[in-house]
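Morning, everyone. Let me put the model up, and then I'll walk you through a few parts of it.

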Amino acid sequence: MKKAIIKVVITDDHPLVIKGLQNMLDHVAHVAIIDTCQNGAELLTSLEKNIPDVLLLDIQMPDQNGDELARIIKKEYHSVRILALTGFDTPFYVRSMLQSGCLGYLIKNTGQKTLLEAIETVYRGEQYIEERLQEVLLNNMLKLRKQRTSADPVLTRREKDVLRLVVDEYTSQEIADTLYLSLRTVEKYRLHLLQKLQVKNTVGLVKAALELNLLDEK
């Protein structure tokens, strides 16, 4: 029996990554790449014309984080199955993307067989997480439960600098430019803040910063 065609859109800010994914999928008869995008704005414009069955979505892009995009897409386009594709293997990012509406999570250096398996799995409406990440994710969740405490978190000076700009609605790229840091370094600081404050997104960071007076000079 002939397989149904799975329409796929790829979103990643690195053209070489997009090209690599295209090369892996071009010869798969039941997968059709209907568009590629290099940032969030391009993706949202594309979705107005092309609704995929599966969206391969990078987490870190210049204009908008993947978790924010995932929430927007799930709200506006319920049928789209989102598969996070990223270089981050940190358990926090896995949880964040799943909580934002993604059905799957893959590391970018995955092979063709795993990529295709993930696409087919989320297309069926089932969750897919690479096997090597599953145990790490479970252990991390158990560890976080044990570490929960009522004590106020202590932030470093640089973490406060980043948090202050987050509260002022700066994007990650704007924070990087303002503090003369790389985008990847800013994302690491954001990750540390999310973990320390035990929140899952930017809204949570702002709320925690205000409620705990974390930006008060001491």
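Start with helix α3, residues 66–76. It lies across β3 and β4. Its direction is at about 160° to that of β3. Keep in mind that this is a predicted model.

Now the sheet itself. What is the strand order? It reads β2-β1-β3-β4-β5-β6, six strands in an open sheet, with parallel pairing. The edges are β2, residues 31–37, and β6, residues 128–129. Each of those two pairs on one side only. As a reminder, strands of a sheet pair through backbone hydrogen bonds, either parallel or antiparallel.

Look at one pair inside the sheet. Strand β1 covers residues 6–11, and β3 covers 54–57. They run parallel and share 4 bridges. One to find on screen: Thr11 has Leu57 in β3 as its bridge partner. Helix α1, residues 15–25, also packs on this sheet.

Next, helix α9, residues 183–197.

Which residues of α9 are buried? Leu183, Val186, Glu187, Arg190, Leu191, Leu193, Leu194 and Leu197. Note that Glu187 and Arg190 are on that list. Viewed down the axis of α9, the buried residues fall within an arc of 165°, so they line one face. An α-helix has 3.6 residues a turn, so residues three or four places apart point the same way.

What does that buried set pack against? Four helices: α4 (91–99), α7 (157–167), α8 (172–179) and α10 (202–211). Just after α9 comes Gln198, with a positive phi of about 55°.

Stay with α10 for a moment, because Lys207 sits in it and counts as exposed at 52% relative accessibility, where the cut-off is over 50%. The C-alpha atoms of Lys207 and Val167 are 8.8 Å apart, though 40 residues separate them along the chain.

Last, the cysteines. Cys37 is at 1% relative accessibility, so it counts as buried. Cys102 is at 3%, so it is buried as well. How many disulfides are there? The count is 0, taking sulfur atoms within 2.5 Å as the test.

That's my tour. Over to you.

Technical notes:
Residues numbered from 1 in each chain as written. Predicted model: local features only at pLDDT ≥ 70, side-chain atom pairs only at ≥ 80, totals over all residues. Heavy atoms only, no water. Expected span 1.5 Å × (residues − 1). Buried < 20%, exposed > 50% of the residue type's maximum accessible area, 1.4 Å probe, protein only. Arc of directions from axis to C-beta. Contact = heavy atoms within 4.5 Å. Pairing = 2+ DSSP bridges. Axes fitted to C-alpha atoms, helices over the stretch in contact; angles between N-to-C directions.
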